[in-house]
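Subject: Structure for your files

Hello,

Please find the structure below, followed by notes on what was found in it.

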Amino acid sequence: MGALQSIPGQPEYADLAERTGFSLEQIGVLHKRFKQLSHNEETLRRDHLNGIPDLACNPIRSQIIEAFFDRRNFRQNIEGTVDEINFEQFLVVMSHFKPPRLHITEEQRESIRREKLRFLFNMHDTDNDGTITLEEYRHVVEELLSLSETLEKDTAQSIADAAMLEVASISMGHMEPDEFYEGITFEHFSKLLNGFEIESNMNIRFLYTDTMNLCK
Amino acid sequence: FLARLHQRPRCPHSPAGVGKSLPERGLLLLLMVFVFLEGSVLPLGAASSPDVSHKGNVDNHQVSDVVHNHTKKAFPVLDLDYQHIQTPFEISLWVLLASLMKLGFHLIPRLSGIVPESCLLITVGLLVGGLIKLAGEEVPPVLDSRLFFLCLLPPIILDAGYFLPIRAFMDNLGTILMFAVVGTLWNAFFIGGLLYAVCQIQPANPNPLHTLELLPCLLFGSIVSAVDPVAVLAVFEEIHINELLHILVFGESLLNDAVTVVLYHLFEEYSGQGSVTVMDCFLGVLSFLVVSLGGVLVGAIYGIVAAFTSRFASHTRVIEPLFVFVYSYMAYLSAEMFHLSGIMALIACGAVMRPYVEANISHKSHTTIKYFLKMWSSVSETLIFIFLGVATVDGPHAWNWTFVTVTVILCLVARVIGVIGLTYVINQFRIVKLTTKDQFIIAYGGLRGAIAFSLGFLLDKDLFPMREMFLTAIITVIFFTVFVQGMTIKPLVELLAVKKKQEAKRSINEEIHTQFLDHLLTGIEDICGHYGHHHWKDKLNRFNKKYVKKCLIAGERSREPQLIAFYHKMEMKQAIELVESGGGVNLPTAVPSTEHPAQEASSAKPAERALPQLPKGREEEIRNILRSNLQRTRQRLRSYNRHTLVADPYEDGFGDFLLKKQKMIELEKKIKNMNNYLTVPAAPPDSPTMCRARLASDPQAYRGKPDSDNVPTIHVDLASPQSPDSVNMMDEFRQAGQQQKHQQQEEDQGLMMKPPSGQRGPKKPGEADSDRDQQKLTRCLSDPGPSADEDEDEPFLP
């Protein structure tokens, strides 16, 4: 990191700040981190993220990393994945974890909530078809349990099955005899996590990143 | 079908509180008689001590005189010796009074809706005290400080600590500490200082207030400024406020004990000398750290020892609850011995030991602990409020208008200013900011209670000549907060539309997503390079899993992940519910003892019994039933996975694909119907029909699977620390059962294919369809076909 790079381009920061809602200081801090992760390159790739040592013990590591490269999270309404992202896209993904401001209207709160739920939904729905099928849900549960030494595949599957049943009963209520439960749609998903207060829980603090104290 | 008609819908037993029926009248009459009895017996008891002579005592004297004279008298066939049993008798009488009062309040539902229980209890105490005084006797010194601190307070605090929602507590720990420490300090100094100033500027007649020094004022300030956990619990329990506010106010009331202890001792020590130097202040700060951290350490040590002990208790299940109680009580006493904060020790002990102990002990012990804690804390709380009323009538009062009114006003003002100021600072650091409404409730919920009174009672009369005035003022503040604030907080909560507690039915989805979210946020923090909240929580969890659990939890459970533990708990609940609804009856003939269905159905009265006694063998069967139910489900769900069917969902003919699927479903139905009514055993799994359509609900098809290996061992034990803390276990079970029934019904209707029977009326979850359950179970284990059996009356239709 030379002296050239330490003075960020202020106009472009202002632009980014407007688009993502971060403050200028937060963007500065995140930019430093981005550069550190990508070894001062312009784009970030999967293996950069894979190299973070702390992330190694996270059971859902691969899904988190995938989320960064998932175009659905770039707020552009396109699907598919990319192999490398630039700083702006990195920021956009991170902005899903910004806490809501104190004084916002009910609609704004609702839209923030939907956005965060959408992020979660995209993480589960790996094949981009708009529903979380049983297989995908099973995969989620298996990943969650993957760190435990005694993994009983049966139990993981039955947990996922029980969960699907629950979703079905909550969202569909009374189903016709020949009706077929496709999978969890986004609407069902948000109904399911209704009591979760996602907009207050799915946040991290952005300002106090200690960039000195990092890997590599 | 007829049997189903006879099934009455299960509804919880609701006593008709409105009309005054005969038994209720009887109970009210009993209560009145009892109160009078109490009023008359207690003076009798008080009088039988050798100091006071009373006619009840005269007999004893006569007898003893006679004995001394060594003359022969008639052998007493019936004798009255009250002194022999006096103390336990009186204690029991008080406890009985408290319990009957609790019963009595619920007979007058309108009253208990408006007035919180604590107010009613204080009123009762006032009445009893008044009666005793009317009878001309001296009121027994019931709110003796030793009795209060050693016997009445610990059960309440242990109950609070054991069932503390750790997650919410830890998430808000910073805020709680700010309110507890800084808030209490602010209150104490503000009230004490301003009170001193007001006393000094009194109009110049030789006013008793002028003799009040600064240090006693500060001492008074520190006593009256602490928010009381008992009062907060009593009031907040009834208003069902949202978890955040509850934990903030309640946590504050628990943690401010350390501050109160230090300030109290500091000012008491130095009131004699009349001055406090900087050195003393520094020592005070040091002392605060020692008191609080020491208390927590003592509690944690006892907690770990208790957890370790419970690991070996598998052979003597009966005394398991005792370990929890005794170790906690000893933690409290040990902390009090060193003048550390006993309350914090108790909280730490309960909170530390709970996850490990719950993984080790049996289900029955868990229930026992829960019920005993609730029972003791309930009785304790009732007694405290009654005694407060009695002590009010008793204590020597020195009313001083200025002092008392200024105290009350200052308490309110100090609290409001403190909360607003602190919130402003705290909001800089919180992710979820506290709104004005939140601040109002926090300020309004700062109730004072019996701890303040007891601390005042402990003051030495010689050092503090104004002790009586202090006590009067403390009592007035307590009455004001409990009555005025306690009564009005409920309507205010409604008015301000503060968020209420959501009846969290912990579902497996929420559990999955809680864990998922934790890991996700930890991961994002790692990517950001920010060693935040989640990072450390995750590290602690990993440490816990790797080292601590192995030590403290017996056997297999130490390696069980939380999700699986939660799932097992749910299974167990549903199994028990199944048995209770009579569904566990028609077990397959493989079971040696089959009971008559009618007997079982009639004996299973779910509303009354808390838990059925399940012999081990029966649990195994039930577990197998549930497991096969779920396997059935899995089988069904698998057959609905789009990916096992024909087309690739990404190809273009998506609409065609759906049509194809419909046809497939119909084909499957046809095959199943044929299967059903031909009473042939189901086609083997690899027959072409089966392969194509993967019919479900075919236990024979997968009985070959070695599922027994994968089935976890049977425990009667409960596992996860996430258990919901309500006492009302019956409701939990009923809800779980309804959910289960609902699920089973959904299972049958939604995720499954079956011959469309037109007769699916609206399913009321509450319907006790045990008949249906029985049939489901039999079907599940012995029948080859799907659900058509139960609708035997319906015509066969394609």
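Salt bridges and one surface patch

Over all chains, the count comes to 15 salt bridges, where a salt bridge is a side-chain nitrogen of Lys or Arg within 4 Å of a carboxyl oxygen of Asp or Glu. This is a predicted model, in which local features need pLDDT of at least 70, side-chain atom pairs count only at pLDDT 80 or more, and totals for chains, interfaces and linings use all residues. Residues are numbered from 1 along each chain as its sequence is written, chains are lettered from A and ligands numbered from 1 in the order in which they are written, and side-chain values use heavy atoms, with hydrogens and water left out.

Chain A

One of the salt bridges joins the side chains of A:Arg113 and A:Glu110, at 3.4 Å from N to O. The two residues are three apart in helix H7 (residues 106-124) of chain A, and therefore separated by about one helical turn. Helices here are DSSP runs of H or I with at least four residues, numbered from the N terminus. A:Arg113 is buried at 9% relative accessibility, whereas A:Glu110 is partly exposed at 37%. Buried means under 20% relative accessible area, exposed over 50%, and partly exposed in between (1.4 Å probe, protein chains only).

A:Glu41, A:Arg45 and A:Asp47 are linked in a network of salt bridges.

Chain B

B:Arg354 and B:Glu358 form a salt bridge through their side chains (3.3 Å, N to O). They sit four residues apart in helix H15 (residues 342-360) of chain B, so about one helical turn separates them. B:Arg354 is buried, with 6% relative accessibility, and B:Glu358 is buried too, with a relative accessible area of 2%.

The side chains of B:Asp171 and B:Lys537 also meet in a salt bridge, at 3.7 Å from N to O. B:Asp171 belongs to helix H8 (residues 166-171) and B:Lys537 to helix H22 (residues 533-552), both of chain B, so this pair ties together parts that are 366 residues apart in sequence. B:Asp171 is partly exposed at 37% relative accessible area; B:Lys537 is partly exposed at 23%.

Finally, B:Met279, B:Phe282, B:Leu283, B:Val285, B:Leu286, B:Leu289 and B:Leu293 make a nonpolar surface patch of about 690 Å². Patches are made of residues with over 30% relative accessible area and no salt bridge, with like charges joined within 9 Å and nonpolar side chains (Val, Leu, Ile, Met, Phe, Trp, Tyr) within 5 Å. Accessible areas come from the Shrake-Rupley method with a 1.4 Å probe, and for residues only the protein chains shown count as cover.

Regards
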